[in-house]
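Biologist: Before we use any words for this chain, I would like to hear what each word requires. Please show me the chain.

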Amino acid sequence: MSEERLLLTSEQRTSFDADGFLHLRGFYSAEEMEEMRRQFGALVTDTEGRPKNMSYAFMDSPEGYRPDPYNPKNVVGMMDQPLANDYWFDQFTEPRIVSAMCDLLGPNIDFHNGKVRNKPPGFTCEQGWHQDWPYERHSLPELAAAITYLDPTDFEAGATEALPGSHLRGEWPTEESRHTIPDADIPDGERVVVRAEPGDVLIIHVLVVHRAGHNYTARARHAIINEYKTAEAVDQWNNRCAFAGLPLTRNRRLMMPRVHA
Ligand SMILES: O=C(O)CCC(=O)C(=O)O
């Protein structure tokens with residue numbers, strides 16, 4: 001097996017299998033993050049004239065908070081940012097991320113979708129604990145998200161929280177008509193607060209129970225979430241997202257050339 005891995009160590013693979021998530025600290029260099037933050041700043045500021053299939057969601061500032069000047073329109077979410085330009089195409093086909101997905105999910109990786117989830121100042125997460133699976137069912141639960149953090153993201157500053165090993169219990173019962181898992185079902189003391197720095201990536205399996213944190217600070221927290229799946233996992237939710245199903249590896253071979261080398 002070891003000679004077949006493209007990027008990750010066997011310890012990282014073992015840890016992902018046990019926990020269902022893997023925190024890759026310092027995945028992107030300071031230079032890469034400078035460019036990513038520049039591109040991202042343009043994405044959330046220049047919101048007009050974008051491809052029609054890209055969408056933005058804006059948040060009203062709660063009392064006592066005002067937008068972070070880096071994200072002046074308080075963009076809280078986006079779908080299909082890979083359509084924005086060549087940079088954002090290369091961002092989801094990034095060979096190291098795709099290699100990591102290949103090491104964790106299997107030899108044949110497809111793209112699933114790309115979105116942005118920000119936590120502007122005063123953001124509170126209404127969604128609560130959930131698995132991504134009920135939102136994006138496939139013939140097999142062979143999907144994972146790569147969350148790239150653009151800001152320091154600590155507890156009470158929008159940190160993601162996850163429940164280690166929760167993916168091993170299959171689909172969790174949810175509150176009626178919502179995909180939210182009741183707080184009472186989350187065992188005390190087991191949740192992990194993912195304290196992330198800019199350039200960190202969290203890879204999280206589709207069955208892991210997790211939630212986005214609130215942001216009680218004056219600084220917005222920004223994250224890009226790209227999801228990937230195996231070619232064997234067939235879409236059952238009618239995925240119309242940009243580049244859905246794009247083949248990224250076959251037999252552990254990277255398929256996608258870079259637009260910008
Ligand atoms: O934004 C986060 O911290 C977690 C994202 C999340 O819960 C989701 O996209 O399902």
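**Terms and values**

Modeller: The chain has four helices and 12 strands. Helices (H or I, at least four residues) and strands (E, at least two) are DSSP runs, numbered from the N terminus. This is a predicted model: local features need pLDDT of at least 70, side-chain atom pairs count only at pLDDT 80 or more, and totals for chains, interfaces and linings use all residues. Residues are numbered from 1 along each chain as its sequence is written.

Biologist: How do you know that the chain agrees with a compact globule?

Modeller: The rule is 2.2 Å times the number of residues to the power 0.38, and the radius of gyration is taken over C-alpha atoms. For 261 residues a compact globule would have a value near 18 Å, and the chain has 18 Å, so the two agree. Along the principal axes, the C-alpha atoms fill a box of roughly 55 × 45 × 35 Å.

Biologist: What makes helix α4 mostly covered?

Modeller: A residue is buried if 20 or more other C-beta atoms lie within 10 Å of its own, exposed if 12 or fewer, and partly exposed in between, with C-beta atoms placed from the backbone. In α4 (residues 95–105), eight of the 11 residues are buried. Among them are Ile97, Val98, Met101 and Asp103. In the chain, 42% of the 261 residues count as buried. Gly106, with a positive phi near 150°, follows α4.

Biologist: Which residues touch the most other members of the largest nonpolar core?

Modeller: A nonpolar core is a set of buried Ala, Val, Leu, Ile, Met, Phe, Trp, Tyr and Cys residues joined through C-beta atoms within 7 Å. The largest one has 56 residues, and Met101, Ala144, Ile147, Ile203 and Ile204 touch the most other members. Helix α4 gives the largest share of this core, seven residues.

Biologist: What does Met101 touch, leaving out residues up to four places away in sequence?

Modeller: Two residues are in contact if their C-beta atoms, placed from the backbone, lie within 7 Å. On that basis Met101 touches Ile109, Ala144 and Tyr228. Of the chain's contacts between residues at least 6 apart in sequence, 87% join residues at least 24 apart.

Biologist: Why are β7 and β9 called edge strands?

Modeller: Two strands pair if DSSP finds at least two bridges between them. The open sheet runs β7-β6-β9 with antiparallel pairing. Strands β7 (192–194) and β9 (210–212) each pair on one side only. Strand β6 (residues 160–162) pairs with β7 over three bridges, and Ala162 stands opposite Val192.
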